[in-house]
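Trainee: I have not looked at this structure before. Could we go through it by question and answer?

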Amino acid sequence: MSFMEFVLAAIGIASAIGVVGFRNPLSSAFSLIVHLLAIAGLYALLGAHFLAVSQVVVYAGAIMVLVLFVLMLLNLKSESGRRIGIVRSALTVGIGLVIFLSISAPMLAQFADLPQATLEQNIKSSEGGVKAIGELLYSQYMVQFELSSLVLLVGVVGAVMLAKRKNVQLMPREGGMGGVK
Amino acid sequence: MEDTRLALVVLVPLVGAILSYVLGRAAPRIAGILATAAVATSFCFVVSLWQALEGGQTFSFTLSSWLSFSNIKLPLEIYFDKLSAVMCLVVTGVGSLIHLYSIGYMAHDESRPRFFSYLNLFIASMLILVLGKSLPVIFIGWEGVGLCSYLLIGFWYTNPDFASAGRKAFVMNRIGDLGFIVAMAILYHSCGSLDITVLNRPEVLARIPSEMGFIAGIALFLAATGKSAQLPLFTWLPDAMAGPTPVSALIHAATMVTAGIYLMARMFGVIELAPLVPAIILWTALATSAIAAIIAISQNDIKKVLAYSTVSQLGFMFLAVGVGAYSVALFHVVTHAFFKACLFMSAGSVIHGCHHEQDMRRMGGLAKSMPLTCLSYGAATLAIAGIAPFAGYFSKHAILESLAHAHNPYLHSYGELIGLGATAIAICTAFYMTRSFILTFLGSYRGEGHPHEAPMVMTAPVLVLAVLSVVGGLVLNHGFFTYLQGPLPPVATHSGGGILGSVLGSVPGLIGIAAAYALFIVTPAVKDQIRKVLWVGEKVSSGKFFLDEILGLLVIAPFRGLSVVVSRVLDQSVSIGTGNAIGGISRAVGELTCRVTTGQVSTYVLWMFASAAFLLYCFLPVR
Amino acid sequence: MNALVPFAPVLALSIGSLGYLVSGQFLERARLTSLFALSLIAAAAYLIVGLMPMAPTLPHGFIINDFSKFFAVLACLGAFVSIIGTASSLAEEKIGMLSEYYFLMLTSLCGALVMIFASDFLTLFIGIEVASLALYCLCGARVTKESSSEAALKYFLLGCVSSAFMLFGIALWYGVTGGLAIAPINTAGPLVILSFVLMMVGLAFKIGLAPFHLWVPDVYQGAPTSVTTYMSCVVKVAAFAALFKIALNAFLLPTEWAVGILWFLSVLAMTVGNLAALQQRSVKRMLAYSSVAQAGYMLIGLVVLGDTTSVLASSVFYLTGYCAMTIGAFTVLSVLGPDADSVDDLKGLVKRSPFLATSMTLFFLALAGLPPSMAGLMGKVYLFTGALSSEFYGLAIIAVLNSALACAYYFRVPAAMLFQAPPTSEPVKVSVLSTFALTFCAATVIGIGIYPEPLVELCEAVAAVAAR
Amino acid sequence: MTIPWPPLSSLIVVPALGALVCLAPWFSSKIDTKARFVRLWALGVSMLTLVILAAIARAATMSHGAVLGLEEAHQWIPSLGITYHLELDGLSFAFCLLTAIISLAVIAWSAKPASAGAGWYALLLLGEATVMGAFLATDLVLFYIFFEAMLLPVLGAMALWGGAQRLNASLKFLIYTMAGSALMFLAILYLGWTARAMGHTLDGNFAFEITTLASMKMLNPTEELVLGLAFLLAFAIKIPMVPFHGWLPDTYREAPHGVAAFTAALLGKVGIYAILRFMWPLFPTFMVQAGPYLAAAGAVAVVFGALVAMAQKDLRSLLAYSSISHLGFCVLGIAGVSTMAMTGAVFQAVSHGLITAALFLTVGAVIDRQGSRDFDRLGGLARSIPLTAFFLMVFSVAAVALPLTSSFVGEFLIIVGSWKLFPAWTTVALLGVVLGAVYTLTAYLRTMFGPLHDTDPRTGGDIRGFDVVVLAGLAAAIIALGIFPADLLGMISPAVEVNAVPSVVADSSVALGFSR
Amino acid sequence: MDPITSYLGIACLLFTIGGIGLCLRRNAIVLFMCVEMMLNAVNLAFVAFSKIHGNLDGQVAVFFVMVIAAAESAIGLAIILSVFRSVASIETTDAAELKW
């Protein structure tokens with residue numbers, strides 16, 4: 001594992017913990033941006049260049065901007081009220097540990113000793129350039145590609161339907177936002 | 001031989017029962033006449049059939065194939081032989097007289113149609129009982145008379161005590177019926193038939209295993225104790241006096257209560273299968289007879305005295321049964337029917353005349369106001385006391401005599417003792433009967449109002465029966481035992497004897513009468529002295545040996561308790577409770593299951609993760 | 001052009017719905033819009049029936065055979081009937097944007113069809129997402145109602161989580177096989193199981209199998225009844241189709257390791273669903289929990305999969321019957337009004353509308369597996385015979401005891417409708433379309449029960465194809 | 001053997017269609033306007049059913065000499081091996097006759113709940129149809145369907161017109177029955193599957209037809225035990241046998257009189273019938289082994305029911321428990337291989353149906369009049385309602401099995417028949433005879449005798465009109481069967497022998513276990 | 001350990017962290033972000049597998065996941081807005097009317 005990979009992975013994990021850990025949603029969001037960028041870096045290191053770029057554009061760009069926009073719109077403070085109990089946290093972490101171990105253990109065991117030669121060959125052959133992926137998308141994954149447009153369309157129409165209200169004004173509530181009901 | 005008359009013997013009273021109710025509702029007066037006519041007609045048929053009986057000739061009639069199916073043959077068939085003939089004659093004969101008497105006795109009761117309907121129904125049932133060709137058919141009558149007895153005891157049902165007395169009679173009879181059913185079950189499986197003509201054949205009896213034979217015998221006797229009021233099931237009979245007096249005369253003295261003896265006689269083969277059974281019968285009979293006689297001494301209700309006397313006399317009959325002298329027992333049945341019916345009807349006339357007063361302490365001196373009744377009662381008293389030549393003497397004497405000839409291995413060493421006991425009972429009988437006569441008819445009137453003699457329609461039948469009580473024994477004495485030798489085993493008795501024998505035989509009765517006369521008329525002071533000395537005995541006697549209480553404590557209370565316990569604990573708590581508990585538990589678990597759905601996404605995710613972790617943990621081969 | 005033929009139904013639906021969306025902006029006529037949507041579905045169904053069986057070849061990602069055709073037609077039929085039945089109640093539910101509403105519903109159906117036809121995991125996943133995303137929005141369609149938004153939020157968040165699990169499972173499949181096709185696996189090992197478990201988490205969520213069912217009651221209750229009606233049928237059909245396909249064609253069930261997982265899920269689903277439903281006062285929640293339990297029964301066919309295909313056929317049979325029951329039951333609720341939910345709201349319905357009460361009773365009897373609507377009973381005969389013949393005695397006993405337990409709550413609704421006094425005597429108006437839908441459903445639950453032979457044969461044929 | 005006309009199905013179809021016609025006005029407009037016509041219609045339909053039954057029996061007797069094995073069979077679901085197979089033999093006939101009579105009586109009975117309209121008759125007719133179906137079906141699945149279906153009309157009628165706790169009571173009834181039949185359902189399916197697995201069926205498919213299954217002898221003793229227990233549980237709850245009677249007190253307390261009569265008279269009988277019809281042929285070994293336990297259960301039920309009945313203060317509860325007691329005899333009768341006892345049990349079932357229905361109706365008249373069913377508030381009614389009192393006496397007497405009533409025939413045959421096999425348990429059951437007299441007479445005493453407790457009469461007076469005819473008819477039937485039972489017994493016994501006895505006798509290994 | 005394999009480990013870890021976040025946080029937007037993180041983790045696994053197998057199918061899958069994530073975000077945020085409008089909060093503890 002190269003130093004760069006290690007650093008990016010460390011940043012990715014740390015920022016992931018940050019997303020979960022920060023009490024202010026804004027901090028979480030920024031932390032997520034860092035995380036997404038770190039993952040993009042990892043993609044790049046793995047040679048999936050197209051994905052790395054897409055990650056930055058789609059995720060860190062489009063999605064996170066949307067998230068931040070909503071966060072600002074709603075003008076939210078930190079999570080209010082009770083903290084999560086220690087028991088529940090411990091339980092959650094414990095369950096997480098079980099899941100982590102039971103997924104990663106067999107996976108790591110299976111892929112621990114891959115033949116180095118073929119692996120390098122494979123890494124080379126799966127250089128994810130725009131061209132290579134584009135070719136795949138427009139030949140083999142044509143149908144899926146078209147279907148993904150349907151996904152986006154649903155996203156658009158759905159958002160419109162939910163957001164648009166007849167005769168209903170978006171009225172900011174009095175006395176601050178969030179947590180008061 | 002099939003004979004339609006036989007069917008008519010039963011059907012006429014049955015139709016009479018229906019008609020007297022239906023038509024009687026329109027015209028109450030007609031009910032009694034119809035009912036009496038029906039029984040009388042039946043009597044005529046019986047007589048004509050009886051006349052036709054010659055030698056071994058019998059009649060039978062099949063009413064329905066009844067329980068016959070597959071290879072099982074249990075038709076509803078009635079059968080007329082000499083034994084049935086005797087019973088039928090008594091039932092219809094005495095029955096007619098009592099019906100006639102009832103017309104007068106019940107003249108002012110508004111429920112007359114119902115009464116006569118029941119009475120006729122009773123006669124029909126009783127006839128089925130004595131005519132039944134197989135045990136199930138006998139059982140029809142057996143239960144039928146029980147039902148009628150129940151209905152008639154509770155005739156005045158608005159009084160809950162009377163209604164309860166009826167129920168008591170029925171239930172106690174039912175206990176006895178268990179024995180009947182068990183006996184039928186055993187006999188059916190051992191002999192393959194329940195036909196009485198088949199069952200008494202030696203080769204059929206030989207098929208019954210010995211222990212089964214014993215059980216069957218005891219079971220039959222149990223049935224008889226229920227119906228014929230023997231220990232431990234006799235307490236219903238005194239209570240049964242709640243019914244109208246003609247009912248007591250007909251059912252609880254002359255006919256129904258002797259059904260047990262009839263059954264024993266019919267099934268003598270089974271009874272004698274195990275020698276222990278007659279021995280048990282004998283001891284039970286002796287005890288019953290003695291206890292009833294002792295109780296009778298202290299009773300003040302005239303009907304109660306007669307009731308206990310009936311129990312005591314029934315015990316006497318069973319004594320004869322116990323020693324195998326069935327025809328002697330039957331003889332006593334007949335004479336007893338005469339004099340006891342006469343006694344009851346006289347007592348009924350007294351009650352009627354004294355404005356429904358039954359307590360002898362409020363009577364007295366009725367000889368003047370009711371001479372005919374007094375005469376009949378006196379004659380019957382002498383008969384029951386066993387004074388020659390009255391009817392009771394012959395039968396009683398025959399019983400005492402047959403006791404001496406007992407050849408039961410279980411009784412060998414007690415022969416004299418039993419004879420002595422029986423004699424003592426006979427003395428007792430004479431004593432308390434004389435006492436009742438004295439209290440009722442002699443001395444001065446102690447009650448209210450003016451007693452009056454009963455109307456002719458009542459006194460006539462009483463007088464007829466009185467005459468029968470006087471001469472019945474003398475007339476029947478000669479032919480009776482030989483007549484019954486066909487259906488019943490012969491008895492080694494040549495009763496009556498000469499004049500000397502008669503005098504000697506009357507001694508116990510005379511002693512009793514004399515004692516009563518001495519104590520109640522001559523020296524009443526001595527009587528009080530004796531009562532003081534024997535106060536325990538008096539308590540026991542007037543307390544009826546506390547049999548009701550003992551029975552209540554030992555049988556009824558435990559069952560009541562058991563019933564409550566079973567109902568509360570086993571039923572409500574266990575059976576129903578378990579079902580409810582299962583329902584409750586599932587609801588509670590369901591509630592818990594719902595509680596997982598807290599409405600909060602985090603919890604849901606946590607559950608999802610936990611479940612996923614569980615699946616992964618459990619189902620992955622590597623841990 | 002020939003290359004497009006296999007996609008004709010999906011294309012018809014998606015392009016049609018797009019055109020409809022555009023035109024809908026100009027003519028907002030309730031009846032017209034629903035008729036248009038219905039005609040699209042009918043067209044799609046017609047096209048599906050006409051499709052020729054076709055092997056899965058790249059670049060299609062689609063597989064057309066009797067199995068997928070059956071499920072696709074079933075989904076279309078379910079969507080069709082649920083739209084018919086609930087169309088007239090939309091106005092009362094204050095779903096203003098009808099064209100968007102129907103667009104999303106059609107797209108969701110489209111996604112369901114993609115799930116059913118998919119021959120690789122990627123297509124399957126996209127299908128799931130198309131169907132789900134549209135449904136998330138639909139759940140929140142009653143924007144003025146708080147619970148509707150809440151249901152949407154829950155469904156959305158949890159659905160995304162389940163998608164993530166599913167996706168991880170697909171990733172592992174990819175990791176093991178190096179491809180994304182739903183094709184028989186040729187290796188074994190813990191990763192295969194892991195992949196199956198993770199996919200199972202995702203699909204169990206969509207089907208609503210305990211312990212991944214927690215969203216079901218909330219969403220069924222919060223969503224507009226019309227959406228619930230649609231969802232309860234179409235999502236189950238599509239998800240079961242996907243499950244059967246994956247299990248039989250990719251993971252090559254029956255395998256020893258899968259039995260335990262599926263057994264556990266099936267038993268837990270039926271038990272938890274039934275127990276939880278016992279205490280519900282809300283009919284929608286009750287039906288939701290009941291659907292969890294019913295899903296448990298439907299899974300039996302897969303659990304007990306032996307060398308015969310008829311056990312799978314029994315699941316298909318039961319699913320078909322279940323669709324009619326659940327659509328019918330929810331349709332009745334939707335006819336009663338947007339907020340009719342509590343058992344109390346149904347009190348004395350028989351006085352207010354004998355037709356509604358009778359048909360609802362029929363549906364509940366069918367769910368409980370009682371005559372005369374014997375679709376449920378026959379389904380159980382079929383299912384449990386299968387379970388017994390594969391010697392899954394424990395499962396069969398648990399299932400049968402559960403179905404006895406279920407009567408306790410299935411009884412409540414008919415009891416309220418038939419045996420209790422109505423709060424008002426005001427009659428309930430039932431539109432012609434709803435009447436038609438309900439009659440259709442009732443006829444189905446009775447018809448399938450009384451003359452199941454054709455459907456049994458069809459299911460046997462379908463199962464034979466699936467298990468090949 | 002089949003007879004061309006009328007088909008057996010008409011026994012099911014006629015009442016079912018009749019019920020639908022009853023419901024027709026309900027869907028259209030007003031409910032109560034045509035109530036009288038509906039009643040006449042329902043009466044006509046149930047009468048017609050009775051006539052059809054008689055016609056079938058007569059036609060069969062004319063052509064074949066006895067009602068034996070009339071069949072009607074159609075394919076139904078060939079892929080699942082389920083057939084539509086009906087059979088009428090002596091056993092079925094006895095129960096079908098009971099069904100037809102009881103339905104007619106209950107429909108004719110005028111005192112129905114105040115709010116009951118056409119639905120009342122529709123449900124009763126449906127009840128008749130389904131119960132008939134259960135008594136006729138020989139395909140196990142078909143039987144199961146009818147077995148479940150017959151619950152619903154009764155449940156509906158009870159929940160519609162019952163007492164205050166009617167919904168709880170019906171729920172309990174439903175759950176008990178469903179829980180009981182659930183395992184039987186599985187057992188049925190197991191049988192069907194085994195038939196296929198053993199390759200016994202012609203077309204290589206499942207088989208559920210009883211004669212086919214019974215002739216295969218395909219079960220090993222363990223299977224017989226498990227399946228037999230599953231069947232037994234269902235029937236034990238239906239009959240009900242102690243301790244599975246938890247549903248019964250509530251049901252009989254809450255149901256309207258007619259429904260209680262219908263339920264008590266018919267539903268439990270299906271259990272008795274089914275044990276004879278299905279369990280003996282299917283599980284002979286099990287039945288022989290279970291015989292002593294079954295006999296014990298029957299005897300215990302007799303005594304238990306009687307003891308609990310003694311403790312009741314409520315007339316209807318008393319009847320309910322007395323029902324348990326009487327049905328205990330039936331269970332005792334079918335416990336062992338004895339033509340006599342089994343025939344007796346069937347006869348007793350029929351007789352109990354007649355008597356208990358009559359009692360429920362009569363007691364209903366008393367309760368309706370007095371507005372109370374509590375002994376403490378009843379009494380002395382013999383004077384104010386003599387006709388009711390008369391009929392109650394007749395039916396009480398019949399209930400305590402006095403000879404020349406039908407129940408004596410049944411109990412006598414059962415006791416005498418069972419004595420040889422189970423002397424101890426028969427003796428225990430005999431105790432119930434005494435206790436039966438105690439509680440029956442006590443009930444009568446508390447209701448009819450004693451001082452008049454006529455404080456709060458609700459309705460005018462005695463039963464009259466049609467109701468008298470109904471009760472008189474039932475009484476006549478009870479007494480007629482008590483005096484002339486031979487024809488019916490002669491029909492039942494061959495059917496019983498065909499069903500239960502040969503399967504045991506044929507197998508010698510079983511015969512060993514059979515000697516108690 | 002091979003670097004490629006360690007990517008898989010990281011993917012698992014990130015997936016788990018996302019899941020833990022979902023269980024512990026209450027803010028709907030944060031929850032949404034956690035979901036995105038989980039998807040990302042899977043994406044990482046896809047890319048790593050793509051490298052292992054030497055084909056691009058995995059990367060294509062990642063592309064589609066991104067598209068879906070975009071659509072998801074649009075809908076998700078719209079739903080969150082919608083919830084906010086009715087409850088005036090986006091904390092899941094406040095939007096918990098449907099329960100039991």
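Trainee: In which helix is C:Ala406 found?

Mentor: This is a predicted model, in which local features need pLDDT of at least 70, side-chain atom pairs count only at pLDDT 80 or more, and totals for chains, interfaces and linings use all residues. Residues are numbered from 1 along each chain as its sequence is written, while chains are lettered from A and ligands numbered from 1 in the order in which they are written. Helices (H or I, at least four residues) and strands (E, at least two) are DSSP runs, numbered from the N terminus. On that numbering, C:Ala406 belongs to residues 393-410 of chain C, which is helix 16.

Trainee: Is C:Ala406 buried or exposed?

Mentor: With C-beta atoms placed from the backbone, a residue is buried if 20 or more other C-beta atoms lie within 10 Å of its own, exposed if 12 or fewer, and partly exposed in between. Because C:Ala406 has 27 other C-beta atoms within 10 Å, C:Ala406 is buried.

Trainee: Which residues does C:Ala406 touch, not counting residues up to four places away in sequence?

Mentor: Two residues are in contact if their C-beta atoms, placed from the backbone, lie within 7 Å. With residues up to four places away in sequence left out, C:Ala406 touches C:Asn274, C:Ser290, C:Ala293 and C:Ala368.

Trainee: Which chains have the most contacts among the eight pairs that touch?

Mentor: One pair joins 77 residues of chain A to 67 residues of chain E. On the chain A side, helix 1 (3-21), helix 2 (25-46) and helix 3 (49-74) are among the elements that give two or more residues. That side has 54 nonpolar, 19 polar and four charged residues, where Ala, Val, Leu, Ile, Met, Phe, Trp, Tyr, Cys and Pro count as nonpolar, Asp, Glu, Lys and Arg as charged, and the others, Gly among them, as polar. The pair with the most contacts is chains A and E.

Trainee: Which helix of chain A gives the largest share of the side that touches chain C?

Mentor: The contact between chains A and C takes 24 residues from chain A and 30 residues from chain C. Two elements of chain A give two or more residues there, helix 4 (86-111) and helix 7 (142-163). The largest share, 14 residues, comes from helix 7.

Trainee: How far apart are the nearest C-alpha atoms of chain A and chain D?

Mentor: Chain D and chain E do not touch, with their nearest C-alpha atoms 23 Å apart. Chain A and chain D do not touch either, and their nearest C-alpha atoms are separated by 38 Å.

Trainee: Which helix of chain B gives the most to the side of domain 1 that touches domain 2?

Mentor: Chain B is divided into domain 1 (1-133), domain 2 (171-274), domain 3 (275-535) and domain 4 (549-619), with bounds from an automatic or database domain assignment. The contact takes 19 residues from domain 1 of chain B and 17 residues from domain 2 of chain B. Helix 3 (82-105) and helix 4 (112-131) of chain B each give two or more residues to the domain 1 side. With ten residues, the helix that gives the most is helix 3.

Trainee: Which element of chain B has the lowest mean pLDDT?

Mentor: pLDDT is the predictor's confidence in each residue, from 0 to 100. Chain B averages 86, and 99% of the residues score at least 70. Helix 4 of chain B has the highest mean, 91, and the lowest, 78, belongs to helix 25 (residues 535-542).
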